[in-house]
Amino acid sequence: MLQLYFFPMACSLASRIALMEAGIEARYHLANIWTKKVADDDRDFRSVSPKGAVPVLVLENGQHLTESAAVLQYIADRKPETGLAPPPGDPDRYRLQEWLSFIGAEIHKAFLFPTFWYKDDASLAKPRARIGQTLSVPSAHLADREFLVGDRFTVADAHLTWALLLLRAAGIDVAQWPSLSAYHARMQARPQVKAAIGIEAALRKTLAA
Ligand SMILES: N[C@@H](CCC(=O)N[C@@H](CS)C(=O)NCC(=O)O)C(=O)O
């Protein structure tokens, strides 16, 4: 069985959404990204991944896969019939990778990461100045589309759905971009997305900030 190391409401939520949308059963281990302790057994999380960051997907052969873009595509490729990623070689597969990179680098690392890790105004001035321009890209793209890639839900939508949740927590009012906020409402109405968020939001409340 696949195993996912996650922290509630962190970027690993996208991997949980992907697993649930794919109907893949997995074992979930909470890794506290602040204390670097695995909740199950108090192990140092860096013994699972030297990066000390979620997500970490443990495959049946014991290999540990990190980086959301890789983990999400791996999960999608385990169940190609779900269409969670266009097949390799399909031009839309590169569109999927384009969005996964954009969300991971331009939204997550350029804005969300400094907001939640550095917190001070001086470090955040530039990310804050840039985030509007960044979000105008998916906003324009989604003005006349239901999903980021093609005409069905993919792991790129799982990733953006998570990022939009965190943007809200970071004080960004997504209502400024009506197509993004309508998209977010649609994605959150999906039963598996809703269930995944429900599980992690409840778990997060049990942990200190
Ligand atoms: N590039 C990685 C970033 C992973 C990452 O930054 N995860 C955060 C949670 S959203 C984390 O675990 N941070 C802990 C740390 O960096 O020490 C990915 O896309 O998966």
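The bend at a residue is the angle between axes fitted to the seven residues ending there and the seven starting there. This is a predicted model, in which local features need pLDDT of at least 70 and side-chain atom pairs count only at pLDDT 80 or more, while totals for chains, interfaces and linings use all residues. Residues are numbered from 1 along each chain as its sequence is written, and side-chain values use heavy atoms, with hydrogens and water left out.

**View 1. Helix α4 and its kink at Ile-131.** Helices (H or I, at least four residues) and strands (E, at least two) are DSSP runs, numbered from the N terminus. Helix α4 comprises 21 residues, 121–141, and its first and last C-alpha atoms are 31 Å apart, close to the 30 Å expected at 1.5 Å a residue; the expected span is 1.5 Å times one less than the number of residues. A kink of about 35 degrees is centred on Ile-131. Buried residues (under 20% relative accessible area, with exposed over 50% and partly exposed in between; 1.4 Å probe, protein chains only) of α4 include Leu-124, Pro-127, Ile-131 and Leu-135. Their cover includes α3 (91–117), α5 (155–169) and α6 (178–188).

View 2. Thr-134 counts as buried because its relative accessibility is 6%. Contact means heavy atoms within 4.5 Å. When residues up to four places away in sequence are not counted, Thr-134 touches Phe-102, Glu-106 and Ile-107.

**View 3. Helix α3, from its start to the residue just after its end.** The 27 residues of α3 reach 36 Å from the first C-alpha to the last, close to the expected 39 Å. The kink in α3 is about 50 degrees and is centred on His-108. At the start of the helix, a side-chain oxygen of Asp-90 comes to within 2.8 Å of the backbone nitrogen of Asp-92. Just after α3, Lys-119 adopts a positive phi of about 65 degrees.

**View 4. The aromatic pair of Phe-6 and Tyr-28.** A pair of aromatic rings is described by the distance of the centres and the angle of the planes. Rings of Phe, Tyr and Trp (its six-membered ring) pair if their centres lie within 6.5 Å; planes under 30 degrees apart count as stacked, over 60 as edge-to-face and the rest as tilted. By this rule there are six aromatic pairs. Among them, Phe-6 and Tyr-28 are edge-to-face, with 6.2 Å between centres and 85 degrees between planes. Phe-6 belongs to strand β1 (residues 2–6) and Tyr-28 to strand β2 (residues 26–32), so the pair ties together parts that are 22 residues apart in sequence. Phe-6 is buried, at 3% relative accessible area, whereas Tyr-28 is partly exposed, at 25%.

**View 5. The aromatic cluster of Trp-34, Phe-113, Trp-117 and Tyr-118.** Within this cluster, Phe-113 and Tyr-118 form an edge-to-face pair, with centres 6.0 Å apart and planes at 85 degrees. Both residues are partly exposed: Phe-113 has a relative accessible area of 24%, and Tyr-118 one of 48%.

**View 6. Charged side chains over the rings of Phe-6 and Phe-113.** A charge sits over a ring if NZ of Lys or CZ of Arg is within 6 Å of the ring centre and within 35 degrees of the ring normal. Arg-16 lies over the face of Phe-6, 4.6 Å from the ring centre. Lys-109 lies over the face of Phe-113, 3.8 Å from the ring centre.

**View 7. Backbone geometry at Pro-55, Met-9 and Lys-36.** Most residues other than glycine have a negative phi, and most peptide bonds are trans. The Val-54 to Pro-55 peptide bond is cis, with omega near 0 degrees, and Pro-55 is placed in the loop between β3 (37–38) and β4 (56–58). Met-9, although not a glycine, has a positive phi of about 70 degrees. Met-9 occupies the loop between β1 and α1 (12–22) and is buried, at 15% relative accessibility. Lys-36 likewise has a positive phi, near 65 degrees. The loop between β2 and β3 contains Lys-36, which is buried with a relative accessible area of 17%.

View 8. Leu-57 is buried, with a relative accessible area of 0%. Residues that Leu-57 touches, not counting those up to four places away in sequence, include Leu-2, Leu-4, His-64, Val-71 and Tyr-74. Leu-57 and Val-38 are 19 residues apart in sequence, and their C-alpha atoms are 14 Å apart in space.

Methods. Polar contact = N/O pair within 3.5 Å; in protein donor to acceptor, adjacent residues only side chain to side chain.
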